[in-house]
Amino acid sequence: MASHFSGVLQLTDLDDFITPSQECVKPVKVDKKQGKSVAKIQIEDDGSYFQVNQDGQRQKLEKAKITLNDCLACSGCITSAESVLITQQSHEELYRVLRLNKQSSSGEQKVVVVSVSPQSRASLAAHYSLSSSETARRLTAFFKNLGVHYVFDTGFSRTFSLLESQREFLKRFARKEEDKKALPMLASACPGWICYAEKTHGEFILPYISTTRSPQQIMGSLVKSFFTKQQGLEPQKIYHVTVMPCYDKKLEASRPDFYLNEFETREVDCVITSGEVLRMLEEEGVSLSDVEPAPLDTVFSNVCGEELLCHAGSGSGGYLHHVYTHAAKQLFGVKVEELTYKTLKNKDFQEVTLEKDGIILLRFAATYGFRNIQNLVQKLKRGKSPYHFVEVMACPSGCLNGGGQLKPVADQSNKELLQQVEELYRAERLSAPEEDTRVAELYHTWLESVGEERARQLLHTQYHAVEKSTNGLTIKW
C-alpha cells in the first residue's frame with residue numbers, strides 16, 4: 001500500500017458482503033496508440049507487470065488505483081478482504097490538514113471540526129476501560145491538542161434522523177393503499193446496505209428505502225450549513241471529519257449527493273474509523289487513559305451537564321424502536337413502554353408486533369448481515385414480506401460490530417468485546433428525540449419549520465440505481 005495512505009485502511013475481517021461477487025466493473029479507458037508491433041505482458045514473481053515489446057524492451061506497468069468517486073460499490077473490491085486505496089479518507093489526511101494550518105496565516109487556516117459517533121466512542125471506551133462520557137471528554141482534549149477546533153457528537157444529529165424517520169413512516173403508512181411500494185419502509189442509515197441495494201436491485205428496491213439521511217450526513221448539513229453561518233464562514237473554510245465504526249461511511253461521505261457544488265466542498269470532508277483513532281493515539285505515544293479530560297463542546301452534542309445522552313433501542317441507532325413507538329401512539333393510540341423482540345432464523349433477524357383484539361396492527365423487523373438482507377429482498381420480490389418497517393444493517397450484530405471498530409486484545413474473544421461495547425453504549429442516560437428542545441428550536445430557525453422544503457433538502461437524500469456495465473472487461477473468463 002502506498003505510504004501516504006493510512007496503514008490501518010485495510011478492509012480485513014469485514015463481513016459486510018457474503019463474498020466478492022465479481023471483479024471491479026469500473027469502465028476502463030484504454031488509450032490506443034498507433035504502433036507496428038504487438039507487445040506482451042509479463043508477470044514477475046513479485047506480482048509486478050511488465051510490457052515486453054518485440055524488440056525486447058521492457059516497461060513496468062503501473063497498477064490502477066481507484067478513488068471512492070470512481071467506485072461503483074460493486075462488492076468486488078470495496079467490501080472484500082483487500083487493501084483499498086481511498087484518497088482523502090484517512091487519518092493521515094487529517095494530519096496533513098492540521099500541519100497546513102500550523103504553516104498558514106490565520107486567514108488561510110481551516111476550522112477543523114471532528115464529529116464522533118456514539119458507537120466509536122463505546123469501542124474506544126471498552127479498549128481503555130473508561131465510561132463513554134469520560135472517553136468523550138478525553139477525546140475532546142486529544143483532538144484539540146492536535147489542533148482541532150471543535151469536537152461534536154453525532155448523537156445530536158441522530159435526533160434529527162430519528163424524528164424525520166418517524167414522520168416519513170407516518171406519511172408512507174397513510175398512502176400505503178395507493179402506493180404499493182410505500183411499505184415496508186427500509187431504514188437508510190447503513191451505506192453498505194444502500195450501495196448493495198443501488199447496485200444489485202436498483203429500481204425495484206429503492207422506492208422502499210427511507211429518504212432520511214444518516215446521522216453522519218445530517219451532521220454534515222449542520223456543520224456546513226448552520227454552523228458555518230453561525231461562525232461567519234464559507235463552507236469550504238471548515239474541514240469536517242467524522243469518526244465512525246464502519247469503513248462504508250467513507251464511501252457515503254464521497255457520494256455526489258453530499259457535495260456542495262457552489263462551494264466546491266463536501267459536507268463531510270474525511271471519515272476515519274475507531275481503529276484509526278487508536279492508531280493516532282499510538283502514533284502520538286499517548287494512552288487515552290492518561291489524557292487530561294476537557295469540557296465537552298455542547299453546540300452539537302447530545303449532552304446533559306457533563307454526561308452524554310443516548311437513544312433507546314439498538315446499537316445501530318434505535319430506528320426500529322423510535323419509529324415503532326411513535327407509530328403505535330400516533331396511529332393507534334397505544335403507548336408502548338417496552339418492546340418485545342422475537343428472534344426468527346437467527347439473532348440478527350428479529351421482529352416486533354403490535355396486536356389488538358387478535359389483529360396485527362404493526363409488524364417491524366431488524367435485519368442485520370447480508371445473508372438476512374438477501375432473504376428479506378427475496379420475500380419482497382415474491383410479494384411475501386409482512387413488514388411495515390425494517391431496520392437494515394450490513395454488519396452482523398449491527399454498527400457496534402462495524403468493521404472499523406477496535407479488535408479484541410489478547411485472550412479476549414470477539415463476543416466478549418462486543419458485549420463490553422454494548423454495555424458501555426447502553427450505560428448512557430436515555431433521551432427522547434421528541435423532548436430535545438435544542439433540536440425543536442433548530443427546526444424553526446435553521447430549517448424554517450417541520451416538513452418544509454428546506455428540511456427536505458438538508459435532512460433527506462435520494463438514491464441511484466447503478467447501471468450494469470456489459471463490456472468484455474466485466475466478464476470473468
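Which residue lies over the face of Y443? That would be R167, sitting 4.7 Å from the ring centre; a charge is taken to sit over a ring if NZ of Lys or CZ of Arg is within 6 Å of the ring centre and within 35 degrees of the ring normal.

A word on ground rules. The model is a predicted one, where local features need pLDDT of at least 70, side-chain atom pairs count only at pLDDT 80 or more, and totals for chains, interfaces and linings use all residues. Residues are numbered from 1 along each chain as its sequence is written, and side-chain values use heavy atoms, with hydrogens and water left out.

Seen as a whole, the protein chain has 13 helices and 17 strands, with helices (H or I, at least four residues) and strands (E, at least two) taken as DSSP runs and numbered from the N terminus. Of its 477 residues, 53% are buried (buried is under 20% relative accessible area, exposed is over 50%, and partly exposed is in between, using a 1.4 Å probe and protein chains only). Among contacts with a separation of 6 or more, 73% involve residues 24 or more positions apart, a contact being heavy atoms within 4.5 Å.

Back to the rings. Y443 belongs to one aromatic cluster together with Y150, F152, F156, F160, F226, F227, F300 and W446. The count of aromatic pairs comes to 21, where rings of Phe, Tyr and Trp (its six-membered ring) pair if their centres lie within 6.5 Å, and planes under 30 degrees apart count as stacked, over 60 as edge-to-face and the rest as tilted.

On the α4 side, T154, F156, S157, R158, F160 and S161 meet P215, I218, M219 and L222 of α6. By class, this contact has six nonpolar, three polar and one charged residues, with Ala, Val, Leu, Ile, Met, Phe, Trp, Tyr, Cys and Pro counted as nonpolar, Asp, Glu, Lys and Arg as charged, and the others, Gly among them, as polar.

Y324, in helix α9 (residues 319-332), counts as buried at 3% relative accessibility. Leaving aside neighbours within four places in sequence, Y324 is in contact with V336, L339, V352, T353, L354, L362 and F364; F364 is 40 residues away along the chain, yet the two C-alpha atoms are separated by 7.3 Å. V271, in strand β10 (residues 270-273), is buried at 0% relative accessibility. Not counting residues up to four places away, V271 touches Q89, S90, Q216, T242, M244, K249, K250, A253 and E276. Q420, placed in helix α11, is partly exposed at 27% and is in contact with A126 and Q412, again leaving aside neighbours within four places in sequence. Q420 and A125 are 295 residues apart in sequence and 9.3 Å apart in space, C-alpha to C-alpha.

The peptide bond from L183 to P184 is cis, with omega near 0°, and P184 falls in the loop between α4 and β6 (185-186). E264 has a positive phi of about 55° although it is not a glycine; E264 lies in the loop between β8 (259-260) and β9 (265-266) and is exposed, at 63% relative accessible area. S397, also not a glycine, has a positive phi near 70°. This serine lies in the loop between β16 (389-393) and α11 (414-426), and at 18% relative accessibility S397 counts as buried.
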